[in-house]
Amino acid sequence: MQPPPELPNEAQRILALHELQILDTPPEERFDRFTRLASEFFGVPIVLVSLVDTARQWFKSCYGLDATETGRDISFCGHAIERDELFVVESALDDPRFAKNPLVTGEPHIRFYAGQPLRATDGSLLGTFCLIDRQPREFNDRERQFLQDFGRIVETELNSLQLSELNRQLAESEAERRKTSEQRDHLFHNSLDLLCVAGLDGYFRNINPMFSKTLGYTDEEILATPFIEFVHPDDRETTMAVVSQLSEGSDLVRFENRYICKDGSLRWLEWSCPAIAEGEESIYAIARDVTTEKAYEQVIQESETHVKLLFDHAPEAILMFDLEDAKFVDANQNALDLFQLDRDSLLQCSPVELSPPTQPNGRSSAEMAEEVINSAMAGNVSVFEWVHLRSDDQTVPCEVRLVPLPGERPTVRASITDITWRRDAETQMREAKEAAEAANRAKSDFLANMSHEIRTPMNAVIGMTEMVLDTDLTANQRDYLQTVHESAESLMTIINEILDFSKIESGKLTLEKIPFSLRDFVGNTMKSLALRAHSSNLELAWRVQPDLPDRIVGDATRLRQIIVNLVGNAIKFTRQGEIVLDVSAGSDDTGHPGSELLFAVKDTGIGIPPDRLDAVFQEFQQADTSTTRRFGGTGLGLAICSRLVELMHGRIWVESQVGEGSTFSFSGLFETAQPLSPDHNLDELQDVRVMVVDDNATARQFMSELLRTWGMQVAEAASGTSALDHLQRATADSQTVQIMVTDLEMPEMDGLELTREIRQRTALRETNILLLTSGTRKSITRSCEALKITRNLLKPAKHSEILDAFRLALDIQCPSKPAVEASSQDLITSVGELNVLLAEDGIANQKLAVGLLGRWGHRVTVANNGHEAVEAFSRDEFDLVLMDVQMPELDGLEATREIRRREQGTDRHVPIIAMTAHAMPGDREECLESGMDGYVSKPIRRDELCDALLGCLPQDAT
């Protein structure tokens with residue numbers, strides 16, 4: 001803490017202070033009014049008129065503080081009089097001079113101080129007019145100016161005391177009168193007040209310089225003009241009445257009127273005038289300019305009016321509660337309406353009288369009211385819910401906010417809002433939530449049941465197809481069955497995605513990050529859609545830009561869902577022409593890790609009206625309400641695509657023209673994966689001469705582009721006739737075409753007719769021919785064999801299929817694959833014969849499971865329901881149990897619990913693997929809790945079943 005310094009003119013300053021003879025005098029209203037007014041105007045709790053003595057500071061007026069003096073060594077005012085200017089400390093705790101001051105660390109806990117020095121007539125600094133707050137605050141320029149004005153007014157009041165004292169001394173002694181006269185003349189000319197001697201004839205006889213300074217006239221103009229002419233016309237009658245009273249011997253302590261300045265402005269003057277002595281013809285008067293004070297009063301009055309208006313017209317009920325009297329002291333109209341009481345009746349009540357005996361939590365209203373009021377008075381703004389009681393004994397749920405108010409008496413403002421409507425809304429929302437949860441549970445049950453019903457036959461379709469694919473097949477048979485299998489897998493994916501829609505809605509769907517081949521993925525996906533496109537006579541083509549990496553990391557299942565939906569829609573809404581999927585590099589400016597890929601599906605379909613473009617991605621919306629009748633569909637697919645694209649940190653949009661087609665584009669972020677070792681050598685394809693024949697320019701361009709990236713020399717032809725011409729010329733130039741890739745469906749001359757022409761010409765007869773077809777007719781297969789066509793490829797062909805066909809045409813042997821670890825199927829075959837109990841009620845699934853297990857060398861006992869499974873388990877010794885969950889009579893969960901019960905007390909624990917078509921969250925956990933050891937979801941995949949079996953068998957068995 002830094003004590004105030006001793007001033008250079010300290011002796012002169014103390015002498016001037018003592019000459020005022022004001023120290024230790026009683027309080028006076030003239031000073032108290034200033035401190036009270038300043039407290040209201042500046043909004044501070046403490047205002048002082050402080051006089052700094054030798055070792056103390058003494059308060060002539062003290063508003064908001066129960067003290068008359070403090071030591072000078074800890075005073076803020078001692079610092080303030082160090083120089084003749086406004087002294088401000090906005091945050092005492094942050095000022096090293098005051099941070100440890102007892103007046104800061106203890107009562108009155110000063111945090112803010114602003115003091116305007118008070119001067120004696122000789123210029124000595126006597127003390128300050130100061131503001132104190134218990135909170136730090138900023139003090140703007142406007143507030144600084146007003147405090148300086150307040151200080152000058154108080155300073156004038158102090159100096160007027162000295163003038164009165166001089167007048168008294170003048171009456172006591174002639175010698176003193178001479179001295180006093182000199183002092184009075186000094187005060188007269190240097191006073192900040194307007195001092196004058198006026199005659200009863202209505203003219204000023206003498207004025208001090210403050211008259212001309214205040215009014216703007218010269219002394220000569222003022223002395224030569226009747227003083228009543230300077231008075232505002234509305235105040236002249238009152239002014240002349242005062243002059244008359246003075247002439248009759250009456251004293252006038254206070255009187256106000258308005259004087260007109262030379263510039264036309266008005267100044268409020270407050271006059272002090274003693275009575276005229278008998279025989280005197282002059283009036284001695286002191287006027288103080290109170291214009292600023294009047295302005296302050298006007299501002300405060302307007303502020304009070306505004307506060308009153310806000311109080312009366314506030315939307316909530318407002319009550320003022322006096323803690324000392326324990327009564328309400330004010331209330332607005334909304335409070336009267338809330339409690340249905342008149343003003344007088346309400347102000348006689350206490351908070352407890354406006355409340356039921358207890359609150360909804362069971363506690364006493366009186367006890368809780370005392371707690372919240374004490375908390376508010378401790379400086380905490382309390383907001384809480386409360387049940388009030390009206391005059392008709394009806395309870396009203398309310399929200400109450402308690403705020404303590406500054407002032408001499410402890411007062412709390414209570415703002416009360418009727419929340420009956422909110423309670424009703426909460427009840428409705430709770431009921432709606434419960435209804436929604438019930439509907440959601442019903443939906444989940446429905447989805448689970450539908451999952452089971454759909455997955456059960458799909459299990460047989462996929463499983464049986466996989467078993468047939470493991471047999472010896474012709475190339476075409478394998479191609480057809482592979483397409484069936486991939487289509488079934490796509491259908492299964494769609495079923496899974498429908499089940500996952502609930503996850504999408506709740507934001508719980510997450511994407512996998514698995515490496516996969518981009519080109520194989522796109523080829524397989526498009527091939528699964530080929531039959532749909534070809535049945536509508538549509539050309540289906542795809543391209544992955546050559547510069548894109550082949551191995552990427554992402555969720556292939558979700559990406560397939562988006563592509564299948566977009567291409568499927570394109571097939572549905574396209575009558576003729578083509579559908580093209582183009583994959584290219586995106587802008588990669590998303591700010592997320594990974595590379596952006598751009599997928600564009602372009603069709604030549606019916607197009608979308610401009611006013612429906614934004615609606616197509618909304619749930620249950622379609623571009624045209626008639627499309628549901630014409631084409632079917634729920635309008636949900638694009639909305640799901642949009643949500644999935646968001647999860648991929650991409651965006652989806654559409655560009656379309658009615659009658660010309662649409663382009664649906666979407667982007668997504670994918671990491672680049674480590675490429676696999678290539679299983680082929682493209683060097684053997686370098687400079688092989690190839691001709692691509694296709695009347696569809698897009699398909700022809702994509703095929704030629706692919707072959708050129710493999711290093712081949714490619715020629716193109718748009719028809720069979722032009723292809724024959726080119727082949728003839730090339731042969732004549734010794735540039736014989738080694739392989740021709742031709743489309744089957746072409747106008748004028750199709751692919752088979754072109755092949756016949758080639759086989760009939762000796763020079764072209766040995767040309768290798770690859771035929772691209774859009775169908776699976778047996779006649780085409782027979783024609784291909786008769787015409788010695790090297791390979792018949794279903795459009796759109798995958799890159800790996802095209803590459804294998806070229807190897808076959810050029811008689812290139814595929815490189816041997818590196819040795820790999822034994823597969824799961826090899827391991828399950830090598831464990832020896834297992835005795836397996838199969839509990840399954842579906843005939844098709846029984847055949848599938850028995851076929852798989854029998855192929856792996858295991859013996860199977862079939863139970864058609866849970867009861868049969870328990871009985872079979874009791875009769876025989878089994879190494880493993882495959883248990884369907886949903887079966888008649890006794891389901892798989894109960895059957896498992898019964899088997900585990902029968903095993904109790906023995907050293908047996910036969911592994912039980914659940915097989916279920918349910919695929920909802922929690923199904924796996926429920927199976928394991930019932931006592932099962934593993935879980936396989938339907939449709940059953942061979943590898944997944946193998947892994948589950950191996951995971952349940954003892955380590956030494958494998």
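Is arginine 56 buried, partly exposed or exposed, and what is its relative accessible area? In this predicted model, arginine 56 has a relative accessible area of 16% and is therefore buried, since the cut-off for that class is under 20%. Its salt-bridge partner is glutamate 69, and the closest N and O atoms of the two residues are 2.6 Å apart. Because glutamate 69 belongs to strand 3 (residues 69–71) and arginine 56 to strand 2 (residues 56–63), the pair ties together parts that are 13 residues apart in sequence. Glutamate 69, with a relative accessible area of 36%, is partly exposed.

The count of salt bridges comes to 50. Side chains of opposite charge can pair when their charged atoms come close. One of these pairs joins glutamate 293 to arginine 288 at 3.8 Å, N to O, and both glutamate 293 and arginine 288 are buried. These two residues also take part in a network of salt bridges that links Glu28, Arg30, Arg33, Lys60, Glu157, Glu270, Arg288 and Glu293. A further salt bridge is formed by the side chains of arginine 761 and glutamate 757, at 3.5 Å from N to O; here arginine 761 is partly exposed at 28% relative accessibility, and glutamate 757 is partly exposed at 27%.

In soluble globular proteins, nonpolar side chains tend to be buried together. The largest nonpolar core of this structure has 42 residues, of which Val522, Leu559, Val567, Leu581, Phe599 and Phe666 touch the most other members. Helix 18 (residues 556–572) supplies the largest share of this core, 8 residues. Beyond its neighbours within four places in sequence, leucine 559 is in contact with Phe516, Phe521, Phe599, Met648, Phe666 and Phe670. A second, separate core contains 35 residues, among them Ala16, Phe42, Ala114 and Ile300.

Asparagine 696 lies in the loop between strand 24 (689–693) and helix 21 (697–709), and counts as buried at 15% relative accessibility. Its side chain reaches the backbone nitrogen of alanine 699 at 2.8 Å, while Glu539 and Glu578 are its contacts once neighbours within four places in sequence are left aside.

The structure holds 0 disulfides; cysteine 349 is buried at 14% relative accessibility, as is cysteine 927 at 3%.

The mean pLDDT of the protein chain is 83, with 86% of its residues reaching 70 or more. Over residues 620–634 pLDDT stays under 50, although the model has 27 contacts beyond four places in sequence for them. Residues 816–823 likewise stay under 50, with 1 such contact. Where pLDDT is low, the predicted coordinates should not be read in detail.

Notes: Residues are numbered from 1 along each chain as its sequence is written. This is a predicted model: local features need pLDDT of at least 70, side-chain atom pairs count only at pLDDT 80 or more; totals for chains, interfaces and linings use all residues. Side-chain values use heavy atoms; hydrogens and water are left out. pLDDT is the predictor's confidence in each residue, from 0 to 100. Contact means heavy atoms within 4.5 Å. A disulfide is a pair of cysteine sulfur atoms within 2.5 Å. Buried means under 20% relative accessible area, exposed over 50%, partly exposed in between (1.4 Å probe, protein chains only). A nonpolar core is a set of buried Ala, Val, Leu, Ile, Met, Phe, Trp, Tyr and Cys residues joined through side-chain atoms within 4.5 Å. Helices (H or I, at least four residues) and strands (E, at least two) are DSSP runs, numbered from the N terminus. A polar contact is a pair of N or O atoms within 3.5 Å; within protein, one must be able to donate a hydrogen and the other to accept it, and residues adjacent in sequence count only if both atoms are side-chain atoms. A salt bridge is a side-chain nitrogen of Lys or Arg within 4 Å of a carboxyl oxygen of Asp or Glu.
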